[in-house]
Amino acid sequence: MNHLSQEEKYMQRCLQLAQQAEGNTYPNPMVGSVIVYRGKIIGEGYHRKAGEPHAEVNAVHSVKDKSLLKDSTLYVNLEPCAHYGKTPPCSKLIIDHSIPNVVIGCVDSFSEVSGKGIEMMEKAGVHVKVGVLEQESLELNRRFFTYHNTKRPYILLKWAQTQDGFIDIERNEDNYGQPTWITNEWARRAVHKQRASEQAILVGTQTAIKDNPSLTVRDWSGEQPLRCVIDKRCQLTSDYKLMDNRHRTVVYNLEKSEQVDLIDYVKLSENDFVNQLLNDLWQRNIQSLIIEGGRATLQYFIDANLWDEAHQYTGDVRFSQGIKAPQLSGRLIREENFGSSKLRVYRNNV
């Protein structure tokens, strides 16, 4: 077992703090900060929500005796900002409080920050160390980095399959309109928790028609993701839950661009449909997208290599025949048990 150094222990605490705000900081990254004086934590904080104070500000404010700051080390999992946004730059705050040492998990690749915070602090005489638990820091904000580096959302694929590898029975019009449940209620609750952590959720036309999903957060508390549906011929009517005008919904199609109450029709071209769809989401500042199927939509994104993470739930049932689950090759990074249902999480190797 690896023993963490003192620096790594403090950085791990930063990551724990940052994680508490998952799903609430968009479009900002998750950041935690710890201030240490002579081997003791005297202050800590994390960024709770966009527009509110950054982690470093909350950490500094939590220190009772500010005179200790000039002999302390500030730990933070992401490079402190150097620009004026909704809040003043954190690098300036560190300099103003004469904090002599700063330890950073990873550099911020966002163009307005990248390296500038470090440069500002070093010019003012602050000793800066970068790269403590760097991989863990990059992992925590993988959605933020993917969005800024690839100019598209971080893409999560999600489906439930049977023990024998099917995601649905063969449907006829008599059994359209409701989902075929494969996993148990605990796994379904985990799905809703995931929805509350992401910014958008997408299905294809057939899933919208066959399952009539609402794509809402119900079994968990949190933000409602932007609902998106591929409906090339604008087949979906107000009878479908996705078209109920209760939540903002984007309909990607080939026929029209118009706004009808909370429904936004976006016309794309057939020959570059998916890239235009992802670019539209990028322009909406959507950093993460869950694709919840069905098979044709999931397999398209897999074959186009447009995915970052896949959540494969397996229930304790068999269908013997029906619609086969999508096939992907990726790196298994985590397994979780929800009683009779299992979750396997894969990452794209590319």
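Predicted model: local features only at pLDDT ≥ 70, side-chain atom pairs only at ≥ 80, totals over all residues.
Good morning, colleagues. Five strands make up an open sheet of mixed pairing, and their order is 2-1-3-4-5. At the edges are strand 2, residues 40-46, and strand 5, residues 127-130, each of which pairs on one side only. On average, neighbouring strands of this sheet are turned by 20° against each other, direction ignored. Strand 1, residues 32-37, and strand 3, residues 73-78, run antiparallel and are joined by four bridges. Within this pair, Ile 35 stands opposite Leu 74 of strand 3.

Two helices belong in this picture. Helix 2, residues 55-62, packs on the sheet and touches strand 1, strand 2 and strand 3. The direction of helix 2 makes about 140° with that of strand 2. Helix 4, residues 116-123, lies across strand 4 (101-106) and strand 5, and runs at about 150° to strand 5.

In soluble globular proteins, nonpolar side chains tend to be buried together. Here, the largest nonpolar core has 30 residues, and those with the most contacts inside it are Leu 157, Tyr 252, Leu 277 and Phe 301. Elements giving two or more residues to this core include strand 6 (154-161), strand 10 (249-253), helix 9 (273-283) and helix 10 (295-303). Which element gives the largest share of this core? It is helix 9, with five residues. A second, separate core has 28 residues, among them Leu 93, Ile 104, Ile 118 and Val 128.

Leaving aside residues up to four places away in sequence, Phe 301 touches Ile 155, Leu 157, Leu 202, Val 274, Leu 278, Ile 291, Leu 306 and Trp 307. Just after helix 10, Asn 305 takes a positive phi of about 60°.

How many cavities of 30 Å³ or more does a search of the whole structure find? It finds two. The largest cavity has a volume of about 100 Å³. It is lined by 13 residues, and the closest to its centre are Thr 25, Tyr 26, Met 30, Asn 141 and Arg 143. Tyr 26 also takes part in a cis peptide bond with Pro 27, where omega is about 5°. Pro 27 is placed in the loop between helix 1 (6-19) and strand 1.

Of its 29 lining residues, Asn 28, Pro 29, His 54, His 83 and Phe 110 are the closest to its centre. Helix 2 and helix 6 (142-150) each supply at least two residues of this lining, and helix 6 gives the most, with three residues.

Finally, I mention two leucines with positive phi. Leu 133, in the loop between strand 5 and helix 5 (134-140), has a phi near 50°. Leu 215, in the loop between helix 8 (205-211) and strand 9, has a phi near 55°. Are these residues buried or exposed? Buried means under 20% relative accessible area. Leu 133 therefore counts as buried, at 10% relative accessibility, and Leu 215 likewise counts as buried, at 2%.

Definitions and conventions. Residues numbered from 1 in each chain as written. Heavy atoms only, no water. Pairing = 2+ DSSP bridges. Axes fitted to C-alpha atoms, helices over the stretch in contact; angles between N-to-C directions. Contact = heavy atoms within 4.5 Å. Core = buried A, V, L, I, M, F, W, Y, C linked by side-chain atoms within 4.5 Å. Buried < 20%, exposed > 50% of the residue type's maximum accessible area, 1.4 Å probe, protein only. 1 Å grid on protein atoms, 1.4 Å probe; cavity = no way out; pocket = protein on both sides within 12 Å on 5 of 7 lines; lining within 4 Å. Points joined across faces, edges and corners; volume = space filled by probe spheres on them.
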